[in-house]
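Colleague: I have some questions about how the labels on this model were reached. Can you take me through them, value against cut-off?

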Amino acid sequence: MSTHLLLIQGLNGLQLGILLFLIAAGLTLVFGVMDFINLAHGVQYMIGAYLAAWIAAGTGSFWFALLLALPLALALGLLLEFLVFRHLYDRDHLQQVLATFGVILVVNQGVKLLFGAAPLQVPMPELLSGGIPIMEGLLYPTYRIAIIVGGLATAGLLWWLVERTKVGMLVRAGATNAPMVAALGVDINRLFMIVFGFGAMLAGFAGVLAAPILSVEPGMGDNLLILAFVVIVIGGIGSIRGAFIAALLVGLVETLGRSLMPDLMRLFLSPSEARQVGAALASMLVYIAMAAILAFRPAGLFPVRAG
Amino acid sequence: MTGQLNKLGLDRRTLLGASTFAAVGLALPGLARAQAAPVKVGLISVLTGPQAALGTHLRDGFLLGLKHLDNKLGGRAAEVVVIDDELRPDAAVTKVRAAIERDRCDIMAGVVFSNILAAVIRPITETKTFLIGTNAGPSPIAGRGCNPYFFATSYVNDQNHAVLGAAANQGVEVGGQNKVIRRVIIITPNYQAGRDAAAGFKSTFQGEVMDEIYVPLNTTDFSAELAKIAAARPEGIFTFMPGGLGVQFVRQYRQAGLDLPVLSAFTVDEAVLPAQGEAALGLYTGTTWTPTLPNEQNARFVRDFEAQFNYIPASYAAHAYDGAMLLDSAIRKVGGNLADKAALRTAIAAADFRSVRGNFRFGANQFPIQDFWLARVVRRQDGKFETQHVRKVFENAVDPFAAQCRMPAM
């Protein structure tokens, strides 16, 4: 494997990691601060992508779609919170899982009714539609680099919000011990709403970013949701920093594993076996990594919760 | 709460009893005047979940067929019971049983996916009900598992892949001239149909397979694989990426600036072309049918389909349309009498209808003997995208599994 190829795979892994981080950031806060398991978080990602597809089809501009989809994703997230999730905070985890799973089914079906079952496409913005020739015969799309840059900037902003602002301080305090924060006179419900809305918007943002490279279709958030859960478990529930590191880790392991595993297996096995075993192992790799990390650090890389 | 439930349960039981009585009571005189009652067709298709777009094509194709027949099959009024298999074998079996036992469907048709067909074929054929498969064609059912109550209006899955292997040997157009493709990389999802696709392609391809890449079925980002392909510098790519997989693969392929000939099956068709758009232009596919095949039936089918449903039909729709036409011809041949199964089977096997594909007859394993085409994605004058036939690769092809079929007695 050439260094060029390794560089490309590294960039690909980074880009997947960034998307995962945007989804996992909201998920880890909601889980950490509110102790609420939201399986429907992937739905927010899908909503973001569909909003982008819808607005881009109407206006013909990706930038316009990006601008409008964010507040709309936020509004829809808050609407779901108001209608459904708010009534689940005090219930046990099983009921939360069941109810939010129901939300997945309803929203997936609703999207299908509104937009049809066929996958939609979002045109890539003209400005970023080119590519950078990294290796002969292959362009690395500028848009993917833009995703990495945009995602890193968002991560920086998020770090500033959580570490340097008063709301961020309350969020961190809430993740450590929510009842204590409430006892100190903070309106915990309002804090929950802010956290939830922000998380929904971040996932929606990830959906908008992914829309031009992936197909926009019902259920598109469900696959990423599983990886996002892996990310927050590895990173430590409630920790933004943990989610960031773990997201990049999972993105790199997933991407590099998929391209290197079959070659690695070829050292021990015949080519056709190596392909099969390599492909199978590559899809397990993320979960093996999770198991290994949890064996040494049961609370994740950056545990937050006290006691 | 418990009281209410009990009451509900009792009510339901009473209802069930009453409906059974009604069913038995209605069925007896019904037998006597079988001719007058409508023919009921249970149409199995996937209408929920990410692959629902394919199922919608299938359903609309069949319904258009019925519309062209004035909602009659062989002169008898027809009624369609649409069954959503949800792409879940267990759900499909439950619903199919209900359709046969409760709704009393006379004939079943449809089925997009092979795993659903594998699940429902026994429950249907064991009741001596005919099943007209209009899409899935797994090789076991064409070979050792052939069944007197099963007919396919589609193909055996492997055939479409084999077309591309043969097409690569003959050469495809690259930069304005014909070029024989000698070195390819195969990339397919890592599941049974994906491995079958690779095997089907290799069964006819004479060049060198440089590498076979298997990706997880839920892959959304192919950038790692595309980088690998670019590094290996093959002369062409063979791929099988059904549904949303194909949308992502094709668009990312273009974004990566790769410009190799792509030979694909079930990857670029009218079900996903609206989402692939320009990225799919020029990609090759192996198929039994395209909207552009020049015959009268096809022209009418495509024109009326677009007028009614406002999208371009894919092969799922075309094969289902043929399914409706086939049933019409068979029921007409037996004078509307569906009770004589042997006569009905002979009538279906005659395939006395004009297919939108042109050449069409049934082989001994009750799968079609038909032509296969190399087709290419083009932009129509109205800006929409469709597959256009390039050349006939196989003529009157018998599938390679037909020889293994020892058709059991009815």
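Modeller: Chain A has 10 helices and 2 strands. Along the sequence they run α-α-α-α-β-β-α-α-α-α-α-α. Keep in mind that this is a predicted model.

Colleague: What makes chain A as compact as a globular protein of that length?

Modeller: The rule gives 19 Å for 307 residues, and chain A comes to 20 Å. Along the principal axes, the C-alpha atoms of chain A fill a box of roughly 60 × 50 × 35 Å. Of its 307 residues, 50% count as buried.

Colleague: How do you know that α2(A) spans what is expected of a helix with 19 residues?

Modeller: The expectation is 1.5 Å times one less than the number of residues. For helix α2 (residues 41–59) of chain A that gives 27 Å. The distance from its first C-alpha to its last is 27 Å, close to that expectation. G60(A) follows α2(A), with a positive phi near 80 degrees.

Colleague: Why is α2(A) called largely enclosed?

Modeller: A residue is buried if 20 or more other C-beta atoms lie within 10 Å of its own. In α2(A), 15 of the 19 residues are buried, so the rest of the structure largely encloses this helix.

Colleague: Which way do α1(A) and α9(A) cross, left-handed or right-handed?

Modeller: Right-handed. The axes of α1 (residues 3–34) and α9 (residues 240–265) of chain A come within 7 Å and cross at roughly 140 degrees. Among the residues making the contact are G13(A), G17(A) and F21(A) of α1(A), and A247(A), G251(A) and T255(A) of α9(A). By class, the contact has 14 nonpolar, 8 polar and 1 charged residues.

Colleague: What makes up the side of chain A that touches chain B?

Modeller: In all, 32 residues of chain A are in contact with 33 residues of chain B. On the chain A side, α1, α4 (93–115), β1 (131–135), β2 (138–141), α9 and α10 (271–296) each supply at least two residues. The largest share, 5 residues, comes from α1(A). That side of chain A divides into 15 nonpolar, 13 polar and 4 charged residues.

Colleague: Why is G42(B) called buried?

Modeller: The cut-off is 20 or more other C-beta atoms within 10 Å. G42(B) has 25 within 10 Å, so G42(B) is buried. It sits in strand β1 (residues 39–45) of chain B.

Colleague: Which residues does G42(B) touch, leaving out those up to four places away in sequence?

Modeller: V81(B), I83(B), V96(B), A99(B), C105(B) and M108(B). The C-alpha atoms of G42(B) and I107(B) are separated by 6.3 Å, and these residues are 65 apart along the chain.

Colleague: How do contacts in each chain divide by distance in sequence?

Modeller: Take contacts between residues at least 6 apart in sequence. In chain A, 77% of them join residues at least 24 apart. In chain B, 70% of them do.

Notes: Residues are numbered from 1 along each chain as its sequence is written. Chains are lettered from A and ligands numbered from 1 in the order in which they are written. This is a predicted model: local features need pLDDT of at least 70, side-chain atom pairs count only at pLDDT 80 or more; totals for chains, interfaces and linings use all residues. Helices (H or I, at least four residues) and strands (E, at least two) are DSSP runs, numbered from the N terminus. A residue is buried if 20 or more other C-beta atoms lie within 10 Å of its own, exposed if 12 or fewer, and partly exposed in between; C-beta atoms are placed from the backbone. Axes are lines fitted to C-alpha atoms, for helices over the stretch in contact, and angles run from 0 to 180 degrees between N-to-C directions. A crossing is left-handed if the near helix is turned anticlockwise from the far one by less than a right angle, and right-handed if clockwise. Two residues are in contact if their C-beta atoms, placed from the backbone, lie within 7 Å. Ala, Val, Leu, Ile, Met, Phe, Trp, Tyr, Cys and Pro count as nonpolar, Asp, Glu, Lys and Arg as charged, and the others, Gly among them, as polar. The radius of gyration is taken over C-alpha atoms; the globule rule is 2.2 Å times the number of residues to the power 0.38.
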